[in-house]
Amino acid sequence: MRWLGIDPGLRTTGFGVIEIEGQRLRYISSGIIESGSIDLGLPKRLGTLYSGVQEVLVTYQPDAAAIEEIFLNVNPRSTLMLGQARGAVIAAMVSTGIAVTEYSARGVKQAIVGTGRASKLQMQEMVKRLLKLNKSPSPDAADALGVAICAAHHHQVQDGRTKQ
């Protein structure tokens, strides 16, 4: 099964694509989608995120997707803007009919590193190890790959329960 993981952000949205077969994880691709300069305005930047995610969906044809939930920021304006970026990304995914699940950042870190307070560097290193990569992905891509790994394992656990 092929999973797309998304780490949403207004400036930079990370994506990661993996396949899972049995207990084996296989790295497919990862990267970032940049929304462009703040001078473009919010609607144009959201449109860029939307079309960037759709391009990833067409290119890699995932079976399912997962996205990191919003954390409440100290700055309400930043939280609102992140929510709008996240909404554009979710809209891009569901417009293709793909199933989307959501995971908290703390839950993803707990599943990947073993602690919900893991640093970006710890996430990068564990994702690198789990996927047997030669080098660490960028922080946003590593978080997105972590979301995909978390979702894939969670799906396996749920799927195993329904087959019993």
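Residues are numbered from 1 along each chain as its sequence is written, and side-chain values use heavy atoms, with hydrogens and water left out. Because the model is predicted, local features need pLDDT of at least 70 and side-chain atom pairs count only at pLDDT 80 or more, whereas totals for chains, interfaces and linings use all residues.

Helices (H or I, at least four residues) and strands (E, at least two) are DSSP runs, numbered from the N terminus. Five strands form an open sheet in the order β3-β2-β1-β4-β5. The pairing is mixed; two strands pair if DSSP finds at least two bridges between them. β3 (24-34) and β5 (99-103) are the edge strands, each pairing on one side only. From one strand to the next, the twist averages 20°.

Strand β1 (2-7) runs antiparallel to β2 (12-21), to which six bridges join it. One of the bridges pairs arginine 2 with glutamate 19 of β2. The hairpin from β1 to β2 passes through four residues. β1 also runs parallel to β4, with four bridges. Here leucine 4 has alanine 65 of β4 as its bridge partner. β4 (residues 64-68) in turn pairs with β5 in the parallel sense, over five bridges. Alanine 64 is bridged to alanine 99 in β5.

β1 is mostly covered, with six of its six residues buried. Buried means under 20% relative accessible area, exposed over 50% and partly exposed in between (1.4 Å probe, protein chains only). Arg2, Leu4 and Ile6 point one way from the strand. Trp3, Gly5 and Asp7 point the other way.

Helix α2 (residues 76-94) lies across β1, β2, β4 and β5. The helix runs at about 175° to β4. Axes are lines fitted to C-alpha atoms, for helices over the stretch in contact (heavy atoms within 4.5 Å). Angles run from 0 to 180 degrees between N-to-C directions. Arginine 86 lies in α2 and is buried, with a relative accessible area of 11%. Beyond residues up to four places away in sequence, arginine 86 touches Pro8, Ile67, Glu68, Glu69, Ile70 and Glu102.

Leucine 49 belongs to helix α1 (residues 42-60). At 0% relative accessibility, leucine 49 counts as buried. Neighbours within four places in sequence aside, its contacts are Gly9, Leu10, Thr13, Ile33, Ser35, Ala85 and Val89. The C-alpha atoms of leucine 49 and glutamate 34 are 7.2 Å apart, with the two residues 15 apart along the chain.

In helix α4 (residues 120-130), Met123, Gln124 and Val127 are buried. Seen down the axis, the buried residues of α4 fall within an arc of 100°, so they line one face of the helix. The arc is that of the directions from the helix axis to the C-beta atoms. Leu121 and Arg129 are exposed on the other side of α4. Lysine 132 follows α4 and has a positive phi, near 55°.

The largest pocket has a volume of about 610 Å³. Its lining comprises 25 residues, of which Pro8, Gly9, Leu10, Phe71 and Leu82 are the closest to the centre. α2, α3 (105-112) and α5 (139-163) are the elements that give two or more residues to this lining. α2 gives the most, with four residues. On a 1 Å grid over the protein atoms alone, a pocket is an open set of points where a 1.4 Å probe fits, with protein on both sides within 12 Å along at least five of seven lines. Lining residues have an atom within 4 Å of a point. Grid points are joined across faces, edges and corners, and a volume is the space filled by probe spheres set on the points.
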